[in-house]
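Subject: Structure handover

Hello,

Here is the structure for you to look over. My notes follow below it.

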Amino acid sequence: MHVEQTKMVPPDGGWGWVAVIGVSIVNLCTRSIEPSFGLLFGDLLSDLGVATTGAALIMSTLDALINFSGLFVGPLIRAFSYRKVSLMGSLLCGVGLMATFPATSMTHILATYSIINGLGVGLTASATFVALNHYFVKRRGQAVGFSLAGTAFGMMLMPQAVRLLLEEYSFRGAILILGAVALNSLVGSALLQPAKWHYIPEEKKEEEGAYHQEMETIRETDDEESELQEGHTLINGNMVIKTLEDLEKQHMNIPNLSRKSTFPRNFSTISFVSRKRKESSCDTGSLVSSYSRLDFTGSSLHLQLQTENDRRISSVSDGLHMRRNMSYPGVQLSSHHKILKELPTPEPLQIPQKKKDSRWKRIVAFMDFDLLKDPIYLNLVFGLSVFYVAEQNFKMVTPFFLSRIGYNKSDIALFLSVQAVTDILARLVLPPICDRIAISKRTFFMVGIFVLGICRSVLAEQTEWTAIMIWLSICGFVRGAAFINFTICISEYSSLEKLPAAFGLHMVGKGLFVVAIGPVLGVIRDMTDSYPICLHSQTCLIMSCFVAWSIEYIIRWCRTKDAETESETTTT
């Protein structure tokens, strides 16, 4: 009896929404402190005499560790699980912050805050993203958007919290409390149960579950009714025609049997037996496994299988009768035992020994470096990385740009807060809409960054309070619209098995581009002594992503059209 196995699929909801809450908690506790670094460490770095240089070195090392930790994410998740990796990262974040409590030197801060904490942030970011992709397929955009909203919300509240903590407990007390807050991410990580625990049976459409015959009988005549009766008459539960002589003897008793000059017809075992089972579930006796006829003359092969209510055949030799009639109907060939004896003795099968892979090949397989051979993946990483560099530079430069054109700290804080609010609004409102539109997330991202680049270039030329407020609000909303699809571009292209490595290598790519291109933007600002030109150069980086992906889209479209043309030519 054939039992159809039910395919289990991600729930696209259910416990997945609890996992989204867990990821939001992790992001809130581990990522929201980053924009407040200058406020938190400013006095300590001034006392150490390394204010500007020290801050740049600490933040660069932190960003490098966050991104380069992606190199180990794939193997770690494969060896353990995304839940355990997230727990490990959460623990490292808390320990790194609290270990910074007695810091009295740059080396200490680099070792604890930048390296230990940065490694923990990188592991949690990758593990939580992989977890969400295991829980969601159709609603993946909503899940990622809602989880990132927690990060944006924390970044909006954390500066005020840090200011209050510094006023009450100074730096050392504040960093201890923030380390304890970071340990709460362990709770969020614990909610990331294995997605397979919550898989549900796949819903099938009616046409997908319908019965399909393996091979339909080919009818050469329009007399379908007589053909159907012929099939029922030739084979039934009590009568089996074994030779052409038997067929001729019984021809007189079969009114619907007729000789017709037709082409050979094949009757499938499965389709015939399935038809019999539908008509009667209580048949006993013999069923013909398969037969072939040439208008009841020429070559015919008959296999008879003995069955009892679909039980397993107990003896092959008892239930198998082989008769072959050539063009001479009365000639019967030898039994199957003699036929087997006449067959040539097969030579023993020699299996060549598999050569052991070299150490480098084993490393490539373990780290999934074969992804680097995929040009589409490399182009994807290039575009995301250059956009990331431009975004990081914009966050760093914007306060200085606003200060240069004459606004005080209160105005700057208000501008940035409004931008954060519109960013959160986009992350909450747009994901359900994007998931319902049949357009790839990568295309949404391309459109978003194109509009974002134009808006920031327009912002760079503004000086009035109202104009800056309007354009920063628009930039915040468009930024949120782009960022909800930032990481999904990777998961949309990669399979679940390759996703940890694909996301990890993408993080490494971001780190490399930050190190290579980040300083170039700073040099442009210093050489021109113009913040608007620096903002325009960021727009150029963003547009390079748009251009590279557009070229890839055009090439793929041309290849698809050529393939369709060739297929049409072949069929005609």
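**Nonpolar cores**

Of the 98 residues in the largest nonpolar core, those that touch the most other members are Leu40, Phe41, Tyr82, Tyr113, Phe445 and Trp549. A nonpolar core here is a set of buried Ala, Val, Leu, Ile, Met, Phe, Trp, Tyr and Cys residues joined through side-chain atoms within 4.5 Å. Buried means under 20% relative accessible area, exposed over 50%, and partly exposed in between, with a 1.4 Å probe and protein chains only. Helix α16 (residues 375–404) gives the most to this core, 13 residues. A second, separate core has six residues, including Leu430, Cys434, Phe444 and Ile484.

Leu40 has contacts with Ile33, Val162, Leu166, Phe171, Ala174, Ile175 and Leu178, not counting residues up to four places away in sequence. Contact means heavy atoms within 4.5 Å.

**Basis**

This is a predicted model: local features need pLDDT of at least 70, side-chain atom pairs count only at pLDDT 80 or more, and totals for chains, interfaces and linings use all residues. Residues are numbered from 1 along each chain as its sequence is written, and side-chain values use heavy atoms, with hydrogens and water left out.

**Overall**

The chain has 22 helices and six strands. Both are DSSP runs numbered from the N terminus: helices are H or I, at least four residues, and strands are E, at least two. Buried residues make up 43% of the 572 residues. Among contacts between residues at least 6 apart in sequence, 80% join residues at least 24 apart. The chain exposes about 31,400 Å², and carbon and sulfur atoms supply 62% of that. Areas come from the Shrake-Rupley method with a 1.4 Å probe; for residues, only the protein chains shown count as cover.

**Aromatic pairs and charges**

There are 15 aromatic pairs. Rings of Phe, Tyr and Trp (its six-membered ring) pair if their centres lie within 6.5 Å; planes under 30 degrees apart count as stacked, over 60 as edge-to-face and the rest as tilted. Phe483 and Phe486 form a tilted pair, 5.3 Å centre to centre with 35° between the planes. Phe483 and Phe486 are both buried. Ring pairs link Phe387, Phe445, Phe483, Phe486 and Trp549 into a cluster.

Two charges also sit over rings. Lys510 has its charged end over the ring of Tyr388, 4.3 Å from the centre. Arg525 lies over the face of Tyr531, 4.5 Å from the ring centre. The rule is NZ of Lys or CZ of Arg within 6 Å of the ring centre and within 35 degrees of the ring normal.

His506 is in helix α21 (residues 499–528). His506 is buried, because its relative accessibility is 0%. Beyond four places in sequence, His506 touches Tyr377, Val381, Leu384, Ser385, Phe486 and Ile490.

Cys489 is in helix α20 (residues 488–493). At 2% relative accessibility, Cys489 is buried too. Leaving aside neighbours within four places, Cys489 is in contact with Leu380, Leu384, Lys441, Arg442, Phe445 and Trp549. Its C-alpha atom is 8.5 Å from that of Ser440, 49 residues apart along the chain.

**Cysteines**

How many disulfides does the whole structure hold? Zero, with a disulfide taken as a pair of cysteine sulfur atoms within 2.5 Å. For Cys93, the nearest cysteine sulfur is that of Cys29, 9.6 Å away. Cys93 is buried at 1%. The closest cysteine sulfur to that of Cys475 is in Cys455; at 5.1 Å, this is too far for a bond. Cys475 is buried, with 1% relative accessibility.

Best wishes
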